[in-house]
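Have the viewer ready, and look up each residue as it comes along.

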Amino acid sequence: MSTLLDVGTLHYLVLSALLFLIGTIGIVVRRNMITVLMSIELVLNSVNINLIAFSFSHGDLTGQIFAIFTIAVAAGEAAVGLGILIALFRLRQTTELDQARELSG
Amino acid sequence: MRWLWLIPVLPFLGAFLNGVVLRDRLGKKGVWMVACGSVLAALLVSVLAISGYLGSEQYSAHEPFEQSVYEWIPAGSMGLDDGSFADVSVEMGFLLDPLSCVMLFVVTFVGFWIHWFSVGYMDHEPGFQRYFTYLNLFMGMMLMLVLGNNYLVTFVGWEGVGLCSYLLIGFYFDEEFPPYAGRKAFIVNRVGDLAFLAGMFALVAHFGTLNYEKLFGTIEAEPALVQGDYVLGMTLATFVTLALFIGATGKSAQIPLHVWLPDAMAGPTPVSALIHAATMVTAGVYIVVRSNVLYQLAHGTSELVAIIGALTAIFAATIGLAQTDIKKVLAYSTVSQLGYMFLACGVGAYTAAIFHLMTHAFFKGLMFLGSGSVIHAMSGEQDMRKMGGLKEHLPWTYRTFVAGTLAIAGAPLLAGFFSKDQILAATWADHKLLWVVGLVTAGLTACYMFRLLFMTFHGPFRGSEEQHHHLHESPPSMTIPLIVLAVGAVFSGYVGIPKLGSIDINVFDHFVGQVVAHVGHGEHHASLGIELFLMALSVVVAFAGWWLARKYYGGDRGLAEGERWAAKFPTVHRWLFNKYYVDEAYDATAVRGTWACARGLFRFDSKFIDGVLVNGSRHLTVGISLLSGFFDKYFVDGLVNLVGVVSQSGSRFFRRLQTGLVSQYALVLLIGMAMLVWFYVVVGLRR
């Protein structure tokens, strides 16, 4: 059956690349730590899409299992990140990342 | 005879017991019992050994008895003067021959009685046990000296008696003068000992042995051995005899080393009797007689010995005339009598020297003990000007003292008469001028001895009331030795009655004569007429001396006459009273010289050693360390700082990377990742 738009692996890959790009730019340019964390989630999920797309096209479940792992790790990462965020907020009453640059050389 | 070695060991044992083991544990009685007991035992063993030797076959064969205890110094092979090699070995050995028999008897006999006397004399003194320890040590050393069968054993005794002499002169070490006198004796003796050593070295280097019998046997068999040119134009015999004689002048207080003996009177009086009259000071005479073979082959030295002896005799006798300290008079008398003995040695009358040594030991020991008894009674007073009239208070001391005085003055038929006459007769035959000196000395001897006797025992008492109150005769423990020695002083001369024509009953001469070799320069004998004439003359001279002393000091004259006599010759009296200023001369030269030398060395030490060397090296070290400090500070530390500066300036650039902005880190991360991707994808694909 022919559809108007045959969604194939390439489309997923493009989507994934776009998400990755958005996430990366978000990490680099945004100052709010919450936004940065969310951007990191975007990057991670773009990788997940990638993994699942290849898993689907290769007919191999390994990629999907990896994606589940990534989600689990991302949950952990989000927990730790938010913990740091709260600590930072308590210390500085702000979530702006450029307010915390003590490690500047 | 087998127990010969025991003789020196016994007193050593006594000294060891008293000095180390028992100390004061058994009290005074224990101390003197041990001390006197050990000497008495030595005396008994000596008598047994001597009688055993006299009855032995060796004696009949005119051979000495030798006993080697152990090999002391096995020196092994040694190159000798003539280029050959010899197996040199010195043994700890003892020798019994007529000469050592006489010495042995004199030392142990007189020594024992002086020990006995000391018990009473030292009773109130502190250091009783120390005194007897030293005295026993002295006896052991002296016996080693006279019994040694080689020069080295004799030398050990020689040094040992010197040490004991030093210890006993300085016995009252808490006073000022005795330690000084002890040091003086020790140092003056050291001068002589050095020469003695040199003589021994020459002998051992030439013959490879120091054993008397071997040495003298070799020389006697072949006198030419010691008559070749040896050193400085001297023959070996001359060199050795000269060296030994210099040693003898130190030990026996002859000019010019006589200065220590009068000062040695600072010690306790029995010590003066034992060491500085009867035994130790005669060691010089003993060693000359022992080496008589060499002396006979060294005519020049013999002459020197005679001259020194005669000079010392008259020199000391004149000093004795003007002294006021009772012990000083006796000390100079001893020096003078020792001069006689050396005179005898010098003219070849070795037996006469030993004979006089023996009689002198009796009468001088006796008189020193007598003076000890007097001093004891006078509560320590030694100045004869404060004495006088003591004969009523000290009858036994007086009687024995008279016997001693008569004996030394040469009164007929007493000990000194025979021995002195024998010396004068031998001198007459050899050297007329020295005989005149000897004869005058005999007169002077009589004069100063009777002066002493009169000043001490006759006339009015001149001491303080308190001293007069305390006057008492000494206890029997002190008078018995006096009586015994007085008997010796009177009768010991009869063993040596001179040969008168065909009547020859001179036992002593024949006995000791066995050790006198007959090579070269021997003793001359005067004819019978001359002998009798000389005897008469010496009696006349002795009488003159007595008359002179009696004229000025006898009866109840006191001191006035004598002082008037002295005032007639003020210069002479001053020189005599001050002992010819010999001490002063030595002080100005030798003593000051030594001090100046020491000061010079001190200055050298402080200026050059301390100043230049020690401080110089300090300055050098400081300088070098300053330099190396600069080096460290500016070069080594500079390197270290350079590393710091470099890394600091480097980090000034690199730390800019560390902005602290997480976004930037992420950007760098991204760039890195992009580069990796580019590398793997683009470059990898291009391959």
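**Ground rules**

This is a predicted model, in which local features need pLDDT of at least 70 and side-chain atom pairs count only at pLDDT 80 or more, while totals for chains, interfaces and linings use all residues. Residues are numbered from 1 along each chain as its sequence is written, and chains are lettered from A and ligands numbered from 1 in the order in which they are written.

**Chain A**

Let us start with chain A, which has three helices and zero strands. Helices here are DSSP runs of H or I with at least four residues, strands are runs of E with at least two, and both are numbered from the N terminus. Along the sequence the pattern reads α-α-α.

The C-alpha atoms of chain A fill a box of roughly 60 × 25 × 25 Å, taken along the principal axes. The radius of gyration of chain A is 18 Å, whereas a compact globule of 105 residues would have one near 13 Å. That radius is taken over C-alpha atoms, and the globule rule is 2.2 Å times the number of residues to the power 0.38.

Of the 105 residues in chain A, 14% are buried. A residue counts as buried if 20 or more other C-beta atoms lie within 10 Å of its own, as exposed if 12 or fewer do, and as partly exposed in between, with C-beta atoms placed from the backbone. Among contacts in chain A between residues at least 6 apart in sequence, 46% join residues at least 24 apart. A contact means that the C-beta atoms of two residues, placed from the backbone, lie within 7 Å.

**Where the chains touch**

The contact between the chains takes 11 residues from chain A and 12 residues from chain B. On the side of chain B that touches chain A, six residues are nonpolar, four polar and two charged. For these classes, Ala, Val, Leu, Ile, Met, Phe, Trp, Tyr, Cys and Pro are nonpolar, Asp, Glu, Lys and Arg are charged, and the others, Gly among them, are polar.

Two packed helices are described by the angle between their axes and the distance between the axes. The axes are lines fitted to C-alpha atoms, for helices over the stretch in contact, and angles run from 0 to 180 degrees between N-to-C directions.

Helix H16 (residues 350-377) of chain B and helix H18 (residues 415-430) of chain B have axes that come within 9 Å and cross at roughly 150°. That makes H16(B) roughly antiparallel to H18(B); angles over 145 degrees count as roughly antiparallel, under 35 as roughly parallel, 65 to 115 as roughly perpendicular and the rest as oblique. By class, the contact of H16(B) with H18(B) has seven nonpolar, five polar and one charged residues.

In the second pair, helix H4 (residues 98-121) of chain B packs against helix H21 (residues 476-491) of chain B at about 155°, with the axes 7 Å apart. H4(B) and H21(B) are therefore roughly antiparallel to each other. On the H4(B) side the contact includes B:Trp113, B:Trp116 and B:Phe117, and on the H21(B) side B:Met478, B:Pro481 and B:Leu485 are among the residues. This contact divides into 11 nonpolar, two polar and no charged residues.

Which residue is joined to B:Ile255 by a cis peptide bond? The partner is B:Pro256, with omega about 5°. B:Pro256 lies in the loop between helix H9 (236-251) and helix H10 (260-263) of chain B, and B:Ala253 is in the loop between H9 and H10 too. Phi of B:Ala253 is near 55°, a positive value in a residue other than glycine. B:His62 also has phi near 55°, and B:His62 sits in the loop between helix H3 (57-60) and strand S1 (65-79) of chain B.

| Residue | C-beta neighbours inside 10 Å | Class |
|---|---|---|
| B:His62 | 10 neighbours | exposed |
| B:Ala253 | 30 neighbours | buried |
| B:Asn136 | 29 neighbours | buried |
| B:Lys251 | 30 neighbours | buried |

B:Asn136 is in helix H5 (residues 128-147) of chain B. Beyond four places away in sequence, B:Asn136 touches residues including B:Pro11, B:Gly14 and B:Val39. B:Lys251, found in helix H9 of chain B, has contacts that include B:Trp158, B:Asn189 and B:Gly284, leaving aside neighbours within four places in sequence.
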